[in-house]
Amino acid sequence: MSVETAYGVAFRSLATTDERLYKATVQFYKRLSFATVKLYDKFKNHGDEMLLSGTSQSSRHETWLMSFKLSEVDSSGCRVPQQEAERKLQSDGAMIKVRLVNEVAAADCGALRVSYYSGSFAEAAAAFPDREEVSEHEFRIRDPLGNEIALTDTPHLHDAVLGEQAVGADFFLSGSGETHRLAQGRETAAALMRSLRETPGAPDSKPKKKLAVMTSGGDSPGMNAAVRAVVRAGIYYGCDVFAVYEGYEGLLKGGEYLKHMQWSDVRGWLSEGGTLIGTARCMEFRERKGRKQAAANLIEQGIDALVVCGGDGSLTGADLFRSEWPSLVEELVSDGRFTAQQVHPYRNLTIVGLVGSIDNDMSGTDSTIGAYSALERICEMVDYIDATAKSHSRAFVVEVMGRHCGWLALMAGIATAADYIFIPERAAPQNKWQDEMKEVCRRHKAKGRRNITVIVAEGALDTELNPITAEQVKTALVELGLDTRITTLGHVQRGGTAVAHDRWLATMQGVDAVKAVLEMTPDTPSPLIGILEEKIIRIPLMESVKLTKQVAAAIQEKDFDKAISLRDTEFIELYESFISTTIKDSTAVPESGPLRVAIVHVGAPSAALNAATRAASLYCLANGHKPFAIINGFSGLIQTGEVRELSWIDVEDWHNLGGSEIGTNRCAAADDMGAVAYHFQKNEFDGLIIIGGFEGFKSLQQLYSARSQYPVFNIPMVMIPSTVSNNVPGTEYSLGTDTCLNALVNYTDAIKQSASATRRRVFVVEVQGGHSGYVASFTGLVTGAVSVYTPEKKIDLHSIQEDLALLKENFRHDQGENRNGKLLIRNEQASSIYTTELIADIIAEQSNGRFGVRTAVPGHVQQGGVPSSKDRVAACRFAVKSVKFLESWNEKAKQAASHDDRQLGFRYVKGVKTPMLPNNDASAAVICVNGSTVSFKPVNDLWQNETDVELRKGHDIHWSEFTKVGDILSGRCNLRKEVDAMRAASA
């Protein structure tokens, strides 16, 4: 049967029952430059009258694609009304409706060849190498549904003078004279941009590096953020990037499972859970034959670098693949699949590992992608369980994941104030753990605790390697007379979107993975991208895998001391903290006598103040010291002198309370230093813990400076930074910041959802942070904001004009995707002139109606709420280390002075008044996180050398890298190049 060619078909409906063909057909027409104008999901949008309009009742899903008419545009790229245009001709437009249905109707099965005009004919031809050439002006292709499509560069102009001739897009876009010159300028700019994309920053014409990214093993929140970072960073650095769908299985199958990724393919992936490119275990890859097939598939695509995001098994397989690669290539040549010349550029394979695992079981890195998201789910669930457990005075046994690693169980135990935990690294004594657990629970009940919570890792063991199950734990608790329930959280721990930390971690590690690929040589060992404290690091992949496997081996050998010693320092410290605050919580007065430790909150509320106070108090009580709360900060001490001794039952449930249970305000100690000294002397404090922000930092400096006038301040004093602004000098992390960032991530996700629903909308979001741009920069990075305004880089009219141009360019490229809302993040102190409202008004005015602009101010939502799991854990760690700091300095003071001298705060040495503390400066310190270290820094050194007192922050802008990476991944850098190129061409 002959098939007639139809020209100028304005509308066409295509239907299929196959979801894979449906998606492939949509992507096919996008490659032909059709833009998405409507997405319909019968399940989600059945009540949306706007989306229902025009859809077919039999459709489960519909995608409407439009090829817009080409007509004259002005110098700004705006369409000129036809009545004003110098060139009245337009190209034909077309719309295609792709439908996913349960049954294809006969009307949808007719044979018809449709011809479309392409204004970029050469580019379209290059995109379809398997095309059928009809003539130099026409070729034919088939869509995934089998429909034959003809593409031509000869439009039907219906013009008697011009007739039919081959023309490009600029024929329609430009008029005569000036508009023609602008069209030439655009052509020049487009050529320049093509050259930028092909060889960015490289003067030679070397072929592009081709790399692939894949996810393997169990999924984890944050994997999509990692893939997004690899794809966009790879494109920015001039690489062709492929995604391997379905993990190692896709590597073996090749073909459509190796997808060449474009910038827009990963739009919106930051907020998606799981892995959108899929993951599957593949037994065939374990065989050499399977790995040879995978090598062939990569060589066919020209890929010689692989970024693998998975667990230790996946990464071990990847490194084996790399070591065998040269011999696999030789075999492929011997088999005749490739010639020696064809494989010559691919003699070596580059492997870079990212750890995607909720278990956080990889040695050498503090956290893995997805671990903190899983911990957040656990804490959320256990908080809910606690509420009902307290109501009925019940015990709950909660089983969490962790077959060979107890990280989740340990951190959840600390963050949820569990009474007991079972982890693989520290096996419970056989036949004795029941009595020990019951004794701890009995003691806690006697102190007034209503509920009992026991966290059990799924890999929990006793010392003879017998599994400890939730049922066994329940039996022991029932014997204690407790009404006990079991909750197994299961795969809910893997679900949901990634928290702020995991989005940041995956993003920064993904970018560094691309850099590692470009920097590696064939002799470089495969690196693993990890994190130590707050610093991204590279470590040899196989060394990390080897250490990880040694943990499991040590457990099997019953060497549990070795097993726990192989974990990172933070794990060991936190385990010891849990034991000292929860398990061994019976009061034992130290030989040197109990310390009277004062705790005060200073500054604005932040989420982890109570969690830190609880941990410090419990550690004090467990070690025979007496914790005292200064009520309502230094203001309360000055006005009322109220100080309250804290008991175990006072603080035991403060782990998940936001705000400040003992009160806080911005009043500094210097408001009445004499009154503060009087109450310190009256209460005979041996040490002070200040928990707060810049006001707390300032108060610590004031107390230190007043030591010469008020010797009572010659006691060890330490400050724990706790502020959403993260503006305390000397440290890169403050308690409460993570909670604030999680709140902002949830807030902006909702904002972007609103923006995508209304299409072409920009939100200017104002965030807190004072004169510190940390929160704004971090939020911009993990939300994909187009632009971030911070105090460190002043806003001016030029920068707003640039952002406006970038937004216009961004929307010009936009193809109507369902996640195309744009964000601009503005710090509250970024400018006193260019307010959030003014920026929004300027952009709205200059957009000429092309996109809407709204403002959003989350306000004090950023300060309140339940503290995040990361903040709870960090609060415990910092608080215990701070009390130990006070213990250490008091021990030094005891050795150097008598009791009376310590009470006075000084002693006379040869007639000279001398402070009782040796090395006086170091005894007043701030606990700081810097890169990969946690240390105590003298407050006087920080005040003198690292503090901008006027702007209330440190000199070090440790978050500057966030802005650079954010500009790359949001497309700002590419868009800036494009705008600059167009300006240069039209100059």
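Biologist: In what order do the strands stand in the open sheet that includes β10, and what is the pairing?

Modeller: The order of the seven strands is β12-β11-β10-β13-β14-β19-β20, and the pairing is mixed. This is a predicted model, in which local features need pLDDT of at least 70 and side-chain atom pairs count only at pLDDT 80 or more, while totals for chains, interfaces and linings use all residues. Residues are numbered from 1 along each chain as its sequence is written, and side-chain values use heavy atoms, with hydrogens and water left out. Strands (E, at least two residues) and helices (H or I, at least four residues) are DSSP runs, numbered from the N terminus.

Biologist: Why do β12 and β20 stand at the edges?

Modeller: Two strands pair if DSSP finds at least two bridges between them. β12 (258-260) and β20 (535-540) each have a single partner strand, so one side of each is left without a neighbour in the sheet. On average, neighbouring strands of this sheet are turned by 25° against each other, direction ignored.

Biologist: How do you know that β13 and β14 pair, and in which sense?

Modeller: Six bridges link β13 (residues 305-310) and β14 (residues 350-355), against the required at least two. They therefore count as paired, and the sense is parallel. Gly310 has Val355 of β14 as its bridge partner.

Biologist: Which helix packs on the sheet at β14, β19 and β20?

Modeller: Helix α16 (residues 541-556) touches these strands, and its direction makes about 85° with that of β20. Such angles run from 0 to 180 degrees between N-to-C directions, and axes are lines fitted to C-alpha atoms, for helices over the stretch in contact.

Biologist: What makes β10 mostly covered?

Modeller: Five of the six residues of β10 (residues 210-215) are buried. Buried means under 20% relative accessible area, exposed means over 50%, and partly exposed lies in between (1.4 Å probe, protein chains only). β10 also pairs with β11 (residues 240-244) in the parallel sense over five bridges, and Ala212 has Phe242 of β11 as its bridge partner.

Biologist: Is Ser526 buried or exposed, and how do you know?

Modeller: The relative accessible area of Ser526 is 4%, which is under 20%, so Ser526 is buried. Ser526 is placed in the loop between α15 (500-519) and β19 (527-532). Contact means heavy atoms within 4.5 Å. Leaving aside neighbours within four places in sequence, Ser526 is in contact with Asp319, Arg322, Ile351, Met520, Ile539, Pro540 and Leu541.

Biologist: Why is Thr497 called partly exposed?

Modeller: Thr497 has 30% relative accessibility, which lies between the 20% and 50% limits, so it counts as partly exposed. Thr497 is in the loop between β18 (484-488) and α15. Thr497 and Gly273 are 224 residues apart in sequence, yet 4.2 Å apart in space, C-alpha to C-alpha. Not counting residues up to four places away in sequence, Thr497 touches Pro221, Ser271, Gly273, Ser373, Arg377 and Arg503.

Biologist: Why is α11 called oblique to α12?

Modeller: α11 (residues 371-392) and α12 (residues 407-415) pack at an angle of about 45°, with their axes 10 Å apart. Angles under 35 degrees count as roughly parallel, over 145 as roughly antiparallel, 65 to 115 as roughly perpendicular and the rest as oblique. The angle falls in the rest, and α11 is therefore oblique to α12. Ala371, Tyr372, Ala374, Leu375, Ile378 and Cys379 of α11 make the contact with Trp407, Leu408, Met411, Ala412 and Ala415 of α12.

Biologist: What classes of residue does the contact of α11 with α12 have?

Modeller: There are eleven nonpolar, no polar and no charged residues. Ala, Val, Leu, Ile, Met, Phe, Trp, Tyr, Cys and Pro count as nonpolar, Asp, Glu, Lys and Arg as charged, and the others, Gly among them, as polar.

Biologist: What makes α25 and α31 roughly parallel to each other?

Modeller: The axes of α25 (residues 774-783) and α31 (residues 960-969) come within 8 Å and cross at roughly 30°. That angle is under 35 degrees, so the two helices are roughly parallel. Tyr774, Ser777, Phe778 and Leu781 in α25 meet Phe962, Thr963, Val965 and Gly966 in α31. By class, this contact has five nonpolar, three polar and no charged residues.

Biologist: Which strands form the open sheet that includes β24, and in what order?

Modeller: Seven strands form this sheet in the order β23-β22-β21-β24-β25-β32-β33, with mixed pairing. β23 (643-645) and β33 (933-938) are the edge strands, each pairing on one side only. β24 (residues 687-692) and β25 (residues 717-721) run parallel and are joined by five bridges.
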